[in-house]
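Visitor: I'm new to protein structures and would like to learn how to read one. Could you walk me through it?

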Amino acid sequence: MQLVHTNMPFLVDSLTMTLDRLGYAIQLTIHPLVRCQRTEGGQLQQVLPRDADGGAVESFIRLDIPRETRKEKLEQIAAALEATLTDVRAAVRDWAKMRAKMREAADDIARRMSAQEPHATESEALLRWLAGERYTFLGYREYLLTDTDDGPMLKPRKRSALGVKSVAGRTGKAHPLSSAMRRFKRSDDLLLMTKARARATVHRNSYLDYVGVKLLDDNGKVIGERRFVGLLTSQAYSDQPKDIPLVRVKTEAVVKRAGV
């Protein structure tokens, strides 16, 4: 398999992950970066030195897999790789916007919550910790809490989707509150962090790390949720518990109760 794509993060690892999920082992990976000058229609004009001005750096990717000649399988591979590239582009395009949304959520907590309210300061600090190179942002959407005849529902807010959540075909739909979400709504906690049931399509073959932050009105009433999906970075996994907001409070309480 060979392809050329404007260079950006996550290309090789995401494509490799996709082929692995389809059951194809990578036998050889070749990935040179080449600065190219092209016409508006994509026609190659010239190859430039890497440090030259103009043009764009492109990824020339070759991934060798065991020989496959079945037409339906080749079409399946092509479709899967194209979908992966679409997700990579969306995540990279909106990465800065999604991080800004998390910082905005932290600012919102700081503005609305008093220091006396449980976990407010730690929740704010945890969001800033995540936004500081501890979270690979892949998708974001806001949901509004709506009362219906079937009970409370979370309804996607129009034009709020970013990253992989904004890809065509993933417009989102209203869904009832799960028992966990009902407990979260009633609790004093301002955010929920857990594992999603879906696996990432970008960067790493892992279940997505889900971060939900309550949306509040001016009176402090829960009116919805900011929902982030992504992956914790290696930096997040290497930090000490005593340095991680919210976690440090829980570990301190455990140590204190244990009498250590």
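This is a predicted model: local features need pLDDT of at least 70, side-chain atom pairs count only at pLDDT 80 or more; totals for chains, interfaces and linings use all residues.

Guide: Let's go from the whole chain down to single side chains.

Visitor: Okay, big picture then. How many helices and strands does the secondary structure of the chain come to?

Guide: You'll find 6 helices and 12 strands. The C-alpha atoms fill a box of roughly 65 × 50 × 40 Å along the principal axes. Of the 260 residues in the chain, 39% are buried. Now look at contacts with a separation of 6 or more: 64% of them are between residues 24 or more positions apart.

Visitor: On to helices. What span should helix α2 have, and how far apart are its end C-alpha atoms?

Guide: Helix α2 covers residues 71-112, which is 42 residues, and at 1.5 Å a residue it should span 62 Å. Its end C-alpha atoms are 58 Å apart, so the two values agree.

Visitor: Which residues are buried in helix α1?

Guide: Start with the general idea: an α-helix has 3.6 residues a turn, so residues three or four places apart point the same way. In α1, residues 11-21, the buried ones are L11, S14, L15, M17, T18 and L19. The cover over them includes β1 (2-6), β5 (56-64) and α2. After α1 comes G23, with a positive phi near 95°.

Visitor: Can we zoom in on one of those? What does T18 touch?

Guide: T18 sits in α1, and its relative accessible area is 9%, so it counts as buried, the cut-off being under 20%. Leaving out residues up to four places away in sequence, T18 touches A80, L81 and T84. With T84 there's also a polar contact between the two side chains, at 2.6 Å.

Visitor: And H5: is it buried or exposed?

Guide: H5 is buried, with a relative accessible area of 11%. You'll spot H5 in strand β1. Beyond its neighbours within four places in sequence, H5 is in contact with L11, E58, S59, L85 and R89. The side chains of H5 and R89 make a polar contact of 2.9 Å.

Visitor: I keep hearing about aromatic pairs. How many does the count come to here?

Guide: First, the idea: a pair of aromatic rings is described by the distance of the centres and the angle of the planes. The count here comes to 3 aromatic pairs. One of them is Y135 with F137, an edge-to-face pair with 5.0 Å from centre to centre and 80° between the planes. Y135 and F137 are both buried.

Visitor: Which ring does the charged end of R199 sit over?

Guide: That's the ring of Y207, with the charged end 4.2 Å from the ring centre. Have a look at K214 as well: K214 lies over the face of F184, 4.9 Å from the ring centre.

Visitor: How should I describe the accessibility of H203?

Guide: Call H203 partly exposed, at 24% relative accessibility.

Terms used. Residues are numbered from 1 along each chain as its sequence is written. Side-chain values use heavy atoms; hydrogens and water are left out. Helices (H or I, at least four residues) and strands (E, at least two) are DSSP runs, numbered from the N terminus. The expected span of a helix is 1.5 Å times one less than its number of residues. Buried means under 20% relative accessible area, exposed over 50%, partly exposed in between (1.4 Å probe, protein chains only). Contact means heavy atoms within 4.5 Å. Rings of Phe, Tyr and Trp (its six-membered ring) pair if their centres lie within 6.5 Å; planes under 30 degrees apart count as stacked, over 60 as edge-to-face and the rest as tilted. A charge sits over a ring if NZ of Lys or CZ of Arg is within 6 Å of the ring centre and within 35 degrees of the ring normal. A polar contact is a pair of N or O atoms within 3.5 Å; within protein, one must be able to donate a hydrogen and the other to accept it, and residues adjacent in sequence count only if both atoms are side-chain atoms.
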